[in-house]
Amino acid sequence: MATCGFLVLALGSTSAMAAPMDTAQPDPTTPADAVASVVPELIADVADLRTSDDVITADLSEGEVTIPQSPAEPIRATATDGTTFEISLPEAASESEAAVDQGSVTYEHGDDSASVVFVNPDASVRITSVMDSEAAPTEFDYTYDGLELVQFDDGGVVGYDQDGNLAVTIALPWALDSNGAEVRTWYSVDGSTLTQHVAHRAEGVAYPVVADPVNYGGNFMYTKILNTSVSQGTTIAVYPAALNFFRYSNDAIFANYKALVPSSYESQKYRDQLICHVWNAARVKVPWNLDSWRPNVGYNATVLALCNPN
């Protein structure tokens, strides 16, 4: 029997220039208040922050996240498995020092947008973009120094370090206006730079608009993966973490699995069994058993066979 295991972190955001327009709705709240108003459930439980002259540090039982006082410096994160990465904030039209308030760090960018950073107790980091008006940028760039970002056909994005190890997984993008209505958003990738596009200059959009991808360092989706020999062949027993998988693409979910198993267990039939368990078994049945003797019948047939095709 062989075992594998791991753990994690998080982040996300972006920037561009646009001509001011007169149709903006004034917003009297701070950017952090705007986030709390639109998505209060996402910041209901955040880590306390300690401030020094140079950095802001999250109070965490595991992992480490430091947030700079200046937006020109990167956020630095270390997952509980030791994986580290840095992420740079969107380039600002004008620099502002960090404003710390009630578990959040805000950087005003001087272009009707701001970045608001929250650290969760699991060491995940939210970098939330807040757009106050149509004059705000529609693109926000994040640079992951030293990583190669890969975007999958289903929209998911992961980053690998120079040794080919999985270093970061980026949740699927989303954006909401102040009424809670969805705003169209998507990613593009160029080398180590992730751009989130937010099409907020559309009819009926109510400001402020909030956009918030999340980045997890290391491998956080599974608490352990066991390799067991049985009479029919080999069973890969996958133990999922307590995670909302709806935030991640199927390809990103499979990439996290592949980072923990030998290449002989990475074929299409293992992907189909895994994704079938994610969306149909969830945490009702644990572990998720992926069996070597199952035939490659395609995803739909795998689902019809309750994830166990014969």
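**Figure 1. The disulfide between Cys-276 and Cys-307 in the predicted model**. The sulfur atoms of Cys-276 and Cys-307 lie 2.0 Å from each other, and this is the 1 disulfide of the structure (a disulfide being a pair of cysteine sulfur atoms within 2.5 Å). The torsion about the S-S bond is about -80°, so the disulfide is left-handed. Cys-276 belongs to helix H3 (residues 268-281) and Cys-307 to the segment after helix H4 (299-304), so the bond ties together parts 31 residues apart in sequence. Helices (H or I, at least four residues) and strands (E, at least two) are DSSP runs numbered from the N terminus. Both cysteines are buried (under 20% relative accessible area, with exposed over 50% and partly exposed in between; 1.4 Å probe, protein chains only). Residues are numbered from 1 along each chain as its sequence is written, and side-chain values use heavy atoms, with hydrogens and water left out. As the model is predicted, local features need pLDDT of at least 70 and side-chain atom pairs count only at pLDDT 80 or more, whereas totals for chains, interfaces and linings use all residues.

**Figure 2. Helix H3 and its surroundings**. Of the 14 residues in H3, 11 are buried, including Tyr-270, Leu-274, Ile-275, Cys-276 and Val-278. The buried residues of the helix pack against strands S20 (222-230), S21 (233-240) and S22 (288-291), and against helices H2 (250-258) and H4. Just after H3, Ala-282 adopts a positive phi of about 50°.

**Figure 3. Val-65 in the largest nonpolar core**. This core has 40 residues, and those with the most contacts inside it are Val-65, Ile-67, Val-119 and Tyr-144. A nonpolar core is a set of buried Ala, Val, Leu, Ile, Met, Phe, Trp, Tyr and Cys residues joined through side-chain atoms within 4.5 Å. Beyond its neighbours within four places in sequence, Val-65 is in contact (heavy atoms within 4.5 Å) with residues that include Ile-56, Leu-60, Ile-75, Val-119 and Val-125.

**Figure 4. A second, separate core**. This core has 25 residues, among them Met-221, Leu-243, Tyr-257 and Leu-274. Leu-274 is also one of the buried residues of H3.
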